[in-house]
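Here's a quick briefing to read alongside the model on your screen. Have the sequence and the 3D view ready, and look things up as you go.

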Amino acid sequence: MPVSTTTSLDRRRFLALSAGTALAATGLSACAGTAGNSTGGSGSGKTTLTVMTVENEWPDKAALKAAEEALGMNINVIIWDPTKLNAMLAAKNAPDVVRGFGATETSYYAARGLMTDLDPYFAKSSVLKASDLDPVNDLWRYDGKKQGAGPRYGMAKDYSQDSMFWYRTDLFEAAKLDAPSATEPISYDEWLDLGKQLVKRRLGKVKVYGLNATGMGVFPQLMGMTASAGGSLFAEDLATVDFSSPEARKALQWYLDYAKADIGPSVVNPNPDGWDGPTYQAKRMAMSCNGYWFGGLIGADAKLAEVSRFAPAPQLGGTRVSSCFGATGFWIPRDAKNKDAAWKFFEWYFGGKPAQDRAASGWGIPSLKSLRGNMPQTSAFQKQAFQVQEQELPHFSVLSFTPYAQQAALEGVLSKVLPGAVKSGTSAGKVVDTLNSRMNELLAQGKELVG
């Protein structure tokens, strides 16, 4: 069935939780306790599959029962929790299937030998064929040095190119501004200028955000901006960052300017709503940096859809980049006890009716190329979003994430360093040394543990 608005809210809570919690680099050997859930058989004689996922993966008992009947097995649901996952992995009592982010987690877990190589399963499958996999699934690959190559360790359920943005035509018209192009990306400087013209204040406080520039976190956005400028935030071996390069410094300076302008949520003034959905719906945000999936929320409200449009990802330089920072999906731990049953779940979830329903819902681009035709194209709103998305697809690229630290740890450094820099008006040039020092210390610790 199409994903509901309630489901989306839970999804975003999960994204926020996942982005804000790190699996400690030493946690796999030092955590205490284990989860009290077991896999294996059940009194009914059926296999019990333990799935760690978000609360609303199956919204009610009826939906869970239908999934069990379709699979011919019992499903033991564990709500996704990083501490519990850490404990289960350490105790070799891993879930059979785990939900996660391909873009930022694959290299971390694969480098630690915690994931199952799924290539043998793909090779034998008549449902999930490598030739049908959208390129976004390469974010679930890791060859021991970088993402995008090597064995497949998981699969995306759907995805978006997360630097694209949505905007409200009614707020553009009220400000007497031309709408962004649906075919040509604007520059980040142009985007910032639009945000400054669209923001509305009352008694010195922002009442309508001009834009939100970081839908999936600050660090990934800086990675994408740096790549667009022709550089890379990570060194080639992914063991260090370098904010002092011209490209990275340009990206950092842009974010500092954005945060100082106080035209949208930032590390200095987070959105009280927690995410863009309710803010955009309430006409309190003119532009929202969220990918195609956000259209599922918009399309559920006819009046909101009428005044909403989709636009290409802004660019900082001449290298057009439009990446995915999530690629949310599932993976099978190395120590899972029911791997064949887990693969049966994969084929059903990623290639069966659940995948077909997700594709038709508009909550993301399907991760199988054969399901793209299921994407909604009935209303004018859906047609516009689909056309913009189709034109953006050729500009997708894999940005390798480090195996030596999780996104949350790197975001933590940004959240400690950047607010003071914004408030004091410190330039990017004076901030880079602090960021390099703190982040590279974390990365060095992680590399030592990985070996």
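Helix axes here are lines fitted to C-alpha atoms, taken for helices over the stretch in contact, and angles run from 0 to 180 degrees between N-to-C directions. What you're looking at is a predicted model, where local features need pLDDT of at least 70, side-chain atom pairs count only at pLDDT 80 or more, and totals for chains, interfaces and linings use all residues. Residues are numbered from 1 along each chain as its sequence is written, and side-chain values use heavy atoms, with hydrogens and water left out.

**Helices that pack together**

- Two packed helices are described by the angle between their axes and the distance between the axes.
- Helices (H or I, at least four residues) and strands (E, at least two) are DSSP runs, numbered from the N terminus.
- Start with α10 and helix α18 (residues 428-450): they pack at an angle of about 110°, and their axes are 10 Å apart.
- That angle makes α10 and α18 roughly perpendicular to each other (65 to 115 degrees; under 35 would be roughly parallel, over 145 roughly antiparallel, and the rest oblique).
- The α10 and α18 crossing is right-handed, a label used if the near helix is turned clockwise from the far one by less than a right angle, with anticlockwise being left-handed.
- On the α10 side, Arg-249, Leu-252, Gln-253 and Leu-256 meet Ala-428, Gly-429, Val-431, Val-432 and Leu-435 of α18; contact means heavy atoms within 4.5 Å.
- Now find helix α9 (residues 218-228) and helix α17 (residues 407-424), whose axes cross at roughly 90° and come within 8 Å.
- So α9 is roughly perpendicular to α17.
- Val-218, Phe-219, Pro-220 and Leu-222 of α9 make this contact with Gln-407, Leu-410, Glu-411 and Leu-414 of α17.

**A helix with a buried face**

- Which residues of helix α8 (residues 188-198) are buried? They're Tyr-188, Trp-191, Leu-192, Leu-194, Gly-195 and Leu-198 (buried means under 20% relative accessible area, exposed over 50%, and partly exposed in between, using a 1.4 Å probe and protein chains only).
- Look down the axis of α8 and its buried residues fall within an arc of 160°, so they line one face of the helix; the arc is that of the directions from the helix axis to the C-beta atoms.

**Salt bridges**

- Side chains of opposite charge can pair when their charged atoms come close.
- The structure holds 13 salt bridges, each a side-chain nitrogen of Lys or Arg within 4 Å of a carboxyl oxygen of Asp or Glu.
- One of them links Lys-92 and Asp-335, with the closest N and O atoms 3.9 Å apart.
- Lys-92 sits in the loop between α4 (82-90) and β4 (97-101) and Asp-335 in the loop between β14 (328-331) and α14 (339-351), so this pair ties together parts that are 243 residues apart in sequence.
- Another joins Asp-262 to Arg-201, with the closest N and O atoms 3.7 Å apart.
- Asp-262 lies in the loop between α10 (246-261) and α11 (276-281), while Arg-201 lies in strand β10 (residues 200-202), so the pair ties together parts that are 61 residues apart in sequence.
- Both ends are partly exposed: Asp-262 has a relative accessible area of 23%, and Arg-201 has 41%.

**Around Asp-335**

- Arg-334 also forms a salt bridge with Asp-335, the closest N and O atoms being 3.1 Å apart.
- Through shared partners, salt bridges join Lys-92, Arg-334 and Asp-335 into one network.
- Arg-334 is partly exposed at 34% relative accessibility, and Asp-335 is partly exposed at 23%.
- Leaving aside residues up to four places away in sequence, Asp-335 touches Lys-92 and Ala-94.
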